[in-house]
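Dear colleague,

I am handing over the structure that follows, and after it you will find notes on what turned up when I went through it. Please read them alongside the coordinates.

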Amino acid sequence: MNRKPWAEICLVILGSVLYFMANLQRVAVPGAMFDTLTHDLQTTAQAVTALGSVFMYSYALGQLVIGVLIARFGGFRVVTVGSLLFFVGSLLFPFAQTLPLLYISRLLIGLGSASFYLGMINETRRLVPKKNFGVVLSLILLVGYLGGIVANAPLVVCMHALGWRESFVIAGGVTTILTLLFIGIDRTVKHVEVDKSVHMDFELFKATFSNKKNLVLYAFACFNYGLYYVIQTVIGKKFLEDFCGMHVMTSATVLSIMGLMYAIAGSIIAFISKASLNRRTVFLKLSSLNTLLVFGFVLICVCFNIKSPVIAFGFCTIAFGASLSPLLVPLLHDYNGQKVANTAVSVMTCGFYIVVAVLGSVVGVCLDYFSHLRPEESYVAHNSAYISIFAILFVLAVISFISVFKIEESKKTLRLIEHVNYIREHENDNDECEHWHDEYEHDLYTNV
């Protein structure tokens, strides 16, 4: 069977839309529907936050093996299996009437979702010329991130009009159509040969964790991202409604803006970094400082019952500062070399979602311990619950802030800065400077 490039392009497009649906599922539960679920299921905050944690744990652990599976079997094969798990979980979720079935559905959704991002990157890198890879990948990421935007305000409108189960039946139906189309087109494609030499190499994980530069970067990156994402996917909307007194649509709109800020921030930060001779650590420090200030400000507000709208603005700024993969991934590649780099990146991605999962569980425990359930409404959290939650988040922000100052700049960047400074000081030859810059500059997205 001859390879059909048009079919492979269609698969990349369908995979991107599946990535959109995965982000919708990831952000929406429990974030946009926290009170809806606690009221409808008549259960505890811990049980509801566990719906998000189950997804995050399965998604995180999937990152450690998906890369190996893709290297062995090819991206399209792995995404095909992932899409099947994803669509089964997506259909089960709105029909499940018990918590165990809901958890199983979230487990399947998380495992399936784990294949889309890496699978599409792998196949896009193979199909697209290197000079166009960064542009195409940025489009795939943008499509995916739109799911996080739709998972708040638009989804809340839909749930108010139809109900949450009906809304997710529609999402499950769309996922089913996408999966069937993907499988059908995939059957017309000649796949790459299975590489039987690829296997799980635990020595790569050992090398990753024995590198102190990696550990410092992980301490910053995982907490910095986790702090943003626990607001986005677990507690942000509920907090804005409970504490700040925002209307449900207003809070959902704030969370959608957060998703938008995250979606556009990566490209902007990457562009500014490139324009500043690939400097990266300065942007990491600014992001960490902003996160520290925002969570410190929110903690003060909840301690003194200051219901400031500035809190919503602060949440949006941490979303902008959390989209740092275009900077973090090249640093990991420089720290580890080609052989270990992909494993180091997968460990970081796993760490992102492990932190979110753990923080989701912590949020549930705090809400249950300090709050009460009103049968006719939903959980109404006491200020003491939010004081405990944001005190914990602030401590993690401090740890992240301390760690970021131990992160070293890339050797390539230091060489670039040194060379450019030399040229400017001794020769003032801008053409030669630009030539050297082009020689050592790499597309920031090619290493994602």
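Is Cys 222 buried or exposed? At 8% relative accessibility, Cys 222 counts as buried, where buried means under 20% relative accessible area, exposed means over 50%, and partly exposed lies in between, for a 1.4 Å probe and protein chains only.

Before going further, please keep in mind that this is a predicted model, in which local features need pLDDT of at least 70 and side-chain atom pairs count only at pLDDT 80 or more, whereas totals for chains, interfaces and linings use all residues. Residues are numbered from 1 along each chain as its sequence is written, and side-chain values use heavy atoms, with hydrogens and water left out.

To stay with the cysteines, the structure holds 0 disulfides, a disulfide being a pair of cysteine sulfur atoms within 2.5 Å. Cys 222 is accordingly in no disulfide, and the nearest cysteine sulfur, which belongs to Cys 350, is 8.4 Å away. For Cys 303 the closest cysteine sulfur is that of Cys 301, at 9.4 Å, which is too far for a bond; Cys 303 counts as partly exposed, with 41% relative accessibility.

Ser 288 has its place in helix α12 (residues 281-303), where helices are DSSP runs of H or I with at least four residues, numbered from the N terminus. Ser 288 is buried, at 1% relative accessibility, and, not counting residues up to four places away in sequence, it touches Phe 220, Asn 224, Ser 400, Phe 401 and Val 404, contact meaning heavy atoms within 4.5 Å.

Ser 115, in helix α5 (residues 99-127), is likewise buried, at 1% relative accessibility. A polar atom of the Ser 115 side chain lies 2.9 Å from the backbone oxygen of Gly 112. Once neighbours within four places in sequence are left aside, Ser 115 is in contact with Ile 66, Val 78, Val 79 and Gly 82.

Finally, Phe 76 is found in helix α4 (residues 75-95) and is buried, with a relative accessible area of 2%.

Notes: Helices (H or I, at least four residues) and strands (E, at least two) are DSSP runs, numbered from the N terminus. A polar contact is a pair of N or O atoms within 3.5 Å; within protein, one must be able to donate a hydrogen and the other to accept it, and residues adjacent in sequence count only if both atoms are side-chain atoms.
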